[in-house]
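Here is a short report on a structure. Look at the model first, then read on.

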Amino acid sequence: MIHSVELFHDYIRDGRIKIKEKIKEPTTVQDPCNVVRSGGLAEKNQRLAQYLSEDFRPMKYQGNYNYCCAGGGGAMPIGGEMKKHRLKGGKVKAEQIRETGAKIVFVPCHNCIDQIRDLSKEYDLGIKAIHFKEAITECMEIPEEMIPKDDES
Amino acid sequence: MDFFLFVEGPLLWIAFLVFIIGSIIRVSMFVFVSTKKDKIIYQHFSWKYLFSTIIRWLLPLNKDIPKNPIFTILAYIFHICLIVVPIWYAGHITLWEESRFEWSWTAMPDELADWMTLIFLGIAIFFLLRRIFSADIRLISTFSDYFLIIITALPFLTGYFLTNGTLDSITFFSDNIQLIHMLSGELMLILIPFTKLSHYILFFFSRGASGIEFGRRGYSI
Amino acid sequence: MSEEIKPNEIVDFLKPRVGARFKMWLGICAHCGLCANTCHYYTANEKDPKMIPSYKIRFLKEILKKKGNVDKDYLQKVYETVYYECNMCRRCTLYCPFGIDIALMISLLRALLFSQGMAPEGLVKAIENYKESGNQMAVSDEDWVETVKWCEEEMAEELVGLEIPIDKKGAKILYTVNAREPMFYPQDMMEVAKIFYVAGEDYTYCSKPGWDDTNLSMFCGDLKTSKMIVENTFKRAKELEVQQVAITE
Ligand code: SF4
Ligand code: SF4
């Protein structure tokens, strides 16, 4: 089992993917419980975020000791009956994100990203939550031969 | 004074035996049952994570120190006094020397023992008040939590009275304080294996189990 | 539901599952409260003492002590605690001096509730989907393959020669996704295709059940379905002779 955060991190570290331009806006990264605390990818997760951004701002407790977004443990897919509780519990995460002043939050987890988008609405954070893959596709250098030529003519 | 002789002799033996054998039973029960029901520990067994987590929490190297500094540091001091005073107090060592084992080791200065006892009692009172007055802790406290603080503090309190003769003006105490001191100590020893006080030894197993659980995820807690 | 709760059923369920660690933890928790301010539910609810992690597992101790003699209302209370007040994130464990794993005990309580027919509808539905189709959204195998093909077409316009391999034998990596991706976020699959292509990764999707890497049944303690899902993926991995299974973000 390998998580894509690790794959992507290794691609960039090993130069299989080159970063053309880093993200200029302040960024931070969420540590999804199942990737970081229970997945052991704390370092790679943070380093991947740093590879991709010029102004990376760690959260307080970044890493293994980070707070949960309150969307985990099945809280997201449970749906309606849980919504009230998870928005309430997510206050801590919302404040954490606000504290960093980041405008973009990398969220390498489908659960967390839905939750953090909801939190952004609920607590008016004005942030954009994106997956790493989105950022990588935007920032990476695409080899010459892969770029379609017919557009230029 | 037949009762005194009983408390000084056989009951002391009983208390120590219950303490030692009880602890051994608690531990072997854990080991025995865990090999059947908690195989995960052994599948991922690692001395490295086992030791690193135990050391981190025996020494004040963990994340609780910055988070709750006052409580954690008091808890460390509390436990140090609790272990050091009964073992290195000169009066106790004399008893070991006079016993059939004739064991002997260097004693701590009496004055230090006195101070540590007072500090210990102070912290015990703080813990008790905290349990009573903090809404958080009150909610999670059970009867045994209050009871066991008192049980643990009693030998120290009576020991202090005994060595300093604080209550000697009251005849009942001047006659019986040594008896009460021994009884309270024996009571504590006997209760250890049956209550949460067993954490003195299960701590190592609990930390080990969790250390391995997180170790297999690649980091030490 | 009006059926009676049978204490012996509860005891029979718990007995083989309450391991040595659980017993020890319930026995030695010092009720010290150090775990209180580690839980986001506690902090977010104005330090409500009821949200202390140690308090949440009192149910397990009580049920064991009462030998399963509890009623429906009681279980309803357990339900509200284990679902609405805990994400099983394990943060409290890192701060507990004994390393007591609250989340593990919460998941046992969830499993107990599941065995008594109590589970959130959202999860129950997902479980039905898993059993039927092998993925949480009940996407049929045909639709899934079609979605992958469609992503490939879209992406081939952007990058010359891009292909998305399906069922490629001997690939290095079997890539699995969250079933929400083909349903709601095909964009995600396109992006990852791009990354893999540029990085020159030797990967493949699989066309049969096993391509969904979520495991929602785990959250309500349905271990049987949970096992089936994991086995599906490993079966595919074996069939395709891949070295590794990769899971999406
Ligand atoms: S920190 Fe650990 S020992 Fe203390 S109350 Fe919480 S679970 Fe119990
Ligand atoms: S595992 Fe549950 S109780 Fe512990 S910190 Fe996370 S949400 Fe709170």
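How do the residues of the shell around ligand 2 divide into nonpolar, polar and charged? They divide into six nonpolar, two polar and two charged. Here Ala, Val, Leu, Ile, Met, Phe, Trp, Tyr, Cys and Pro count as nonpolar, Asp, Glu, Lys and Arg as charged, and the others, Gly among them, as polar.

## Ground rules

This is a predicted model, in which local features need pLDDT of at least 70, side-chain atom pairs count only at pLDDT 80 or more, and totals for chains, interfaces and linings use all residues. Residues are numbered from 1 along each chain as its sequence is written, chains are lettered from A and ligands numbered from 1 in the order in which they are written, and side-chain values use heavy atoms, with hydrogens and water left out.

## The two ligands

The residues around ligand 2 (a heavy atom within 4 Å of it) include C39(C), H40(C), K56(C), R90(C) and C92(C).

The residues around ligand 1 include C29(C), H31(C), C32(C), C35(C) and C96(C). This shell divides into eight nonpolar, three polar and no charged residues.

## Chain C against chain A

Chain C brings 54 residues to the contact (heavy atoms within 4.5 Å), and chain A brings 54 residues. Together they bury about 4700 Å², 61% of it on carbon and sulfur atoms. Buried area is the accessible area (1.4 Å probe) that two parts lose on being put together, summed over both.

Four salt bridges are counted between chain C and chain A. A salt bridge is a side-chain nitrogen of Lys or Arg within 4 Å of a carboxyl oxygen of Asp or Glu. R16(A) forms one with E201(C); their closest N and O atoms are 3.6 Å apart.

## Chain B against chain A

Here, five residues of chain B are in contact with seven residues of chain A. These chains bury about 540 Å² between them, 56% of it on carbon and sulfur atoms. K63(B), R217(B) and Y219(B) supply 80% of the area that chain B buries against chain A, more than any other three residues.

The count between chain B and chain A is zero salt bridges. On chain B, the side that touches chain A divides into three nonpolar, no polar and two charged residues.
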